[in-house]
Amino acid sequence: MQKNYAAGRLRFTTDNTRAYKDADAIFIGVGTPEQPDGSANLSYIATVARQIAETIEKDCLVVVKSTVPVGTNDKVEQFIHDFLVHDVKVEVASNPEFLAQGTAVRDTLEAARIIIGTDSQWAEEMLMKIYEPFNLPIVSVSRRSAEMIKYAANDFLALKISYMNDIANLCELVGADIQDVARGMSFDERIGSKFLNASIGYGGSCFPKDTKALDYLARQNGYELRTVKAAIAVNNDQKTILYKKASNRLITFDGLKVAVLGLTFKPGTDDLREAPSLENVPLLLERGAHVYAYDPVGCDNFKQRYPEGEYNIKYVDKPEEALSGANVCFIFTEWSEIKAVQPKEYKKLMRTPLVYDGRNIYGIEEMQDAGVEYYSIGRQAVVENKDLKSNNSYNPGHRQYIA
Ligand code: UGA
């Protein structure tokens, strides 16, 4: 960006007239947040569309990168035509975005594919020309199909995670290990090795919103999208699964020091949207816990919702500070700073080494060796006290992996 800025190829402005008026193509990348009924809020798109209509002075292609319900591009085009001030040609194309938070540059420059959705040759050729230098696979489809590809892709990934979480919960009941199961599945190219990590549930600004938006779109069209509904339901339950286990184990949280490691919905971002921590911390606070929260970047955002003075919560700079003297620990995000905490530290620092790991960051055997009572997702619990074993006991056995 610095190189292009220095070469005069890149400019930043808050003056929309200057940005739009003689552009050949305008990309819209504003948010489409979820509304209370699950539908996407299109007001930001509408605002930009109107500004474009009122300022462009030359033929122009408007490219929608934002995730929008199928059919929105048709409406955006109509909306722009309705408000157009100058007599120019303007068309709208769909070009959904597939980058993930924290890996935006890589995901853009090394995208698996570029989807362009156009309804005219002029628009298609323009987008082809823009993307040619990227030298990436381009899939050219209709506008509506492009809009659907974005939801279908995100919801499929959400479904994949919920499926693994569903299987993980069954694994615990029948004495299997979800990580071994995932490993065994991953060699099948039809399944693939990515997004098979069972967890405390998916969060973020995309999967939760896009599953609900597609479900809403289906309902609006008189159709029930049963698979996506199931993904949503499994994810909702998954987020508090460890809290429920801990509630059964501890009887009460009243007066207990609870270490919470990780607040953001995934590592590499300070984003808390739909993060499992936001479901669990309020429950812990309501039950009288003293929460000690650690996150390398997420504390400032969390503090805005749960300030230290107002709630029984303290934000600490190191995982060890949260663990020191704690009665129980929850791990919600797999930050490398948290993964760096050695199993023996839990035993050494905590008052009672009782750990609920929502990201399966430790090996069962290492936690067992360290003498930590350890509950994770889709794996057998490490429990010393036989009476506490609710399911089949964990038997490390002697397995050999073929990598
Ligand atoms: C997601 C998609 O991965 C992007 O392709 C898409 O462009 C983006 O949404 C979007 O629509 O804008 P993002 O939400 O940034 O990206 O994050 P992911 O890395 O996909 O993770 C989402 C959630 O799934 C996280 O909470 C993560 O912890 C969880 N997850 C991911 C699992 O629980 N298990 C896995 O195996 C993978």
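I take buried to mean under 20% relative accessible area, exposed over 50% and partly exposed in between, with a 1.4 Å probe and protein chains only. Helices (H or I, at least four residues) and strands (E, at least two) are DSSP runs, numbered from the N terminus.

I note that this is a predicted model, in which local features need pLDDT of at least 70 and side-chain atom pairs count only at pLDDT 80 or more, while totals for chains, interfaces and linings use all residues. Residues are numbered from 1 along each chain as its sequence is written, and side-chain values use heavy atoms, with hydrogens and water left out.

Entry on helix H6. I looked up H6, residues 121-131, and found Ala123, Leu127 and Tyr131 buried. These buried residues line one face of the helix, because they fall within an arc of 60 degrees seen down its axis (the arc of the directions from the helix axis to the C-beta atoms). On the other side of H6, I found Gln121 and Lys129 exposed. Among the elements covering the buried residues of H6 I list strands E1 (25-28), E3 (90-94) and E5 (138-141).

Entry on the domains. I read domain 1 (2-141), domain 2 (149-237) and domain 3 (239-388) from the domain assignment, whose bounds are automatic or from a database.

I counted one salt bridge between domain 1 and domain 2 (a side-chain nitrogen of Lys or Arg within 4 Å of a carboxyl oxygen of Asp or Glu). I also recorded that the side chains of Glu34 and Lys212 meet in a salt bridge, at 3.0 Å, N to O.

Conventions:
Contact = heavy atoms within 4.5 Å.
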